[in-house]
Each structure stands twice: as structure tokens, then as C-alpha cells.
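Hi everyone, thanks for coming.

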Amino acid sequence: MQAGSGPGAARFLRTTGQHASIEPDTFTEGSYVLSIGGAEQSHVNLARPEEIFYEYLRRIGHLVDLSAPAGAPVTALHLGAGALTLARYIQATRPGSTQYAVELERELLDFVLRQLPLPEGTKLHSIIGDARDALADLDPGLRFDVVILDIFSGPEAPAHLACTEFYSELRNWLAPQGILIVNVGDEPGLTLVRSQVGAMRRAMGDVAAFAEAGMFEGRYPGNIILAGTQTAWPAGWSAELAARGPHPARVLAGVDLDALAV
């Protein structure tokens with residue numbers, strides 16, 4: 001499968017006033033990089049969508065892997081679409097899945113879908129709007145096996161999303177064994193991570209954090225993945241996730257996570 005209009009494609013995004021561009025990855029055949037405002041945002045391997053380049057997205061992929069038996073279709077909600085890397089991954093590893101993607105930037109989702117077509121057979125419903133407001137547009141009978149929130153990119157996260165009330169709303173959309181996955185990009189000190197661990201703990205049955213081991217020392221910026229379940233954190237998941245990497249990987253759950261909560 002080839003990108004829609006070749007290398008160098010660009011689109012102006014009216015909501016943020018930035019330009020989005022999609023360029024071929026010169027190091028990996030069949031892969032493309034989405035940049036917004038000159039900063040790389042997503043990497044897509046059209047030839048092998050089951051292979052994820054960015055480490056934090058690979059960690060999210062591992063959590064999705066554990067959310068249901070291997071290969072079984074899931075119902076997934078993506079809040080923050082980007083280049084739909086994870087939607088492509090779910091279709092590649094769990095054919096027949098039903099997915100919903102919410103994106104604030106109308107031009108971005110259209111741009112990505114035109115330039116980087118989804119794998120054949122993908123069942124993706126797109127919604128344009130704010131991640132919280134968009135919940136009202138969903139069929140109230142829906143329940144999701146996986147909800148992925150990938151919007152926070154720094155310590156100044158939107159207050160109406162980075163709060164217990166929003167996580168409680170998302171929990172109501174989860175199937176009984178469903179999992180809420182939140183990517184938190186943060187600066188040294190992990191102020192946002194700490195606040196989100198506390199907020200998620202007040203909303204979910206249990207919470208764990210998954211990242212490169214050194215991230216938990218709070219000495220440099222990066223991504224920590226938070227995962228919330230409605231019941232107790234499943235026995236064996238921490239060891240399984242740490243073994244899958246990328247290495248070195250560490251999972252904090254239960255009392256081990258207390259030091260990160262506020």
C-alpha cells in the first residue's frame with residue numbers, strides 16, 4: 001500500500017494554526033512520519049502495521065495485547081488520533097475489531113486518512129471534536145474493551161481531561177474487563193504523572209504505571225503509560241509487560257505505585 005500523494009504532503013490545521021506534514025521514513029521502507037508544527041508526532045509502517053516504532057506506543061500495544069485473548073477482536077476507543085498508529089496495530093493483530101477515533105483537528109484526520117490509508121477491512125468510526133464532549137456522540141449502549149487517551153504532551157494538560165471526573169466518565173464506557181490506557185508525557189519531576197496517578201486511582205478499580213525504568217526517577221522528560229482496570233490489577237501482567245519491553249522496562253502497581261500518587 002502506498003501513501004496517497006507521495007512525499008512532502010502538508011496540510012494547515014485551523015484549530016491550532018500549525019502545519020501538519022507527512023514524509024517518508026528514509027530508514028524504513030514503507031514507513032512515514034507525521035509531524036505537526038515541525039515536531040514529529042507519529043510513525044506509521046504501512047507495510048507492517050503490527051510493528052510500532054515509538055517506544056511508548058509499543059508499550060501501549062503490549063497492554064492492548066493483554067486486554068483480550070490473542071487475535072480476538074476488540075472494541076476500542078482512541079481519544080487523540082494522530083496518524084492512527086494504534087488503530088492500524090489493532091486491525092493487524094486483531095482483525096474484525098471495531099474502533100472509534102476522536103480527533104480535535106478536523107483537517108488532521110482527513111489528511112492522515114488520505115495520505116496513509118488504513119489497512120483493508122479496518123472498521124473505524126471517526127468523530128471530530130473535544131475528547132470529553134465527543135462521548136455524547138457515542139451510542140450509549142457501547143462498551144469498550146480498550147480506551148486509549150493519548151493527548152497529554154506536557155505538564156500543561158487540559159484541566160477538563162486531566163481529572164478524576166473525566167476518568168470516571170471513561171470508566172463507565174468500559175466493558176467489565178476493559179482497560180483504560182493513558183499516555184502521559186511529562187517533564188522532570190513528573191508533576192503531571194503524579195497528579196494523573198492520583199486522579200485515576202480515585203476513578204478506577206486499580207492503576208499501574210509502565211515505562212522505561214529510568215523514567216520513574218523523574219530526572220528527564222519522557223512518557224509514562226498509566227493503565228486503569230475496573231478490578232484488581234491482573235496477576236502476572238507486571239512481569240509480562242516488563243519482559244516484553246522495550247528494555248529496560250518497569251511496571252509499578254499496588255504499593256509500589258504509592259510514591260507517584262498525589
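So, in which hand does helix 1 pass helix 6, left-handed or right-handed? The crossing of helix 1 with helix 6 is right-handed, a term used if the near helix is turned clockwise from the far one, with left-handed used if the near helix is turned anticlockwise by less than a right angle.

Before going on, some ground rules. We're looking at a predicted model, where local features need a pLDDT of at least 70, side-chain atom pairs count only at pLDDT 80 or more, and totals for chains, interfaces and linings use all residues. Residues are numbered from 1 along each chain as its sequence is written, and side-chain values use heavy atoms, with hydrogens and water left out.

How confident is the predictor? The average pLDDT for the chain (the predictor's confidence in each residue, from 0 to 100) is 94, and 97% of the residues reach at least 70. Residues 1-5 are below 50, though this stretch has 18 contacts in the model beyond near neighbours in sequence, a contact being heavy atoms within 4.5 Å. Where pLDDT is low, the predicted coordinates should not be read in detail.

Back to our two helices. Helices are DSSP runs of H or I with at least four residues, strands are E runs of at least two, and both are numbered from the N terminus. Helix 1 covers residues 55-66 and helix 6 covers residues 237-244; their axes come within 10 Å and cross at roughly 140°. Those axes are lines fitted to C-alpha atoms over the stretch in contact, with angles from 0 to 180 degrees between N-to-C directions. Helix 1 and helix 6 are therefore oblique to each other, given that under 35 degrees is roughly parallel, over 145 roughly antiparallel, 65 to 115 roughly perpendicular and the rest oblique.

Who's touching whom? Helix 1 brings His62, Leu63, Asp65 and Leu66, and helix 6 brings Trp237, Glu240, Leu241 and Arg244.

Keep an eye on Asp65. Its side chain makes a polar contact with the side chain of Arg244 at 3.0 Å; that means N or O atoms within 3.5 Å, where within protein one must be able to donate a hydrogen and the other to accept it, and residues adjacent in sequence count only if both atoms are side-chain atoms. Leaving out residues up to four places away in sequence, Asp65 touches Tyr89, Arg94 and Arg244.

Last, the backbone. Gly245 to Pro246 is a cis peptide bond, and so is His247 to Pro248.
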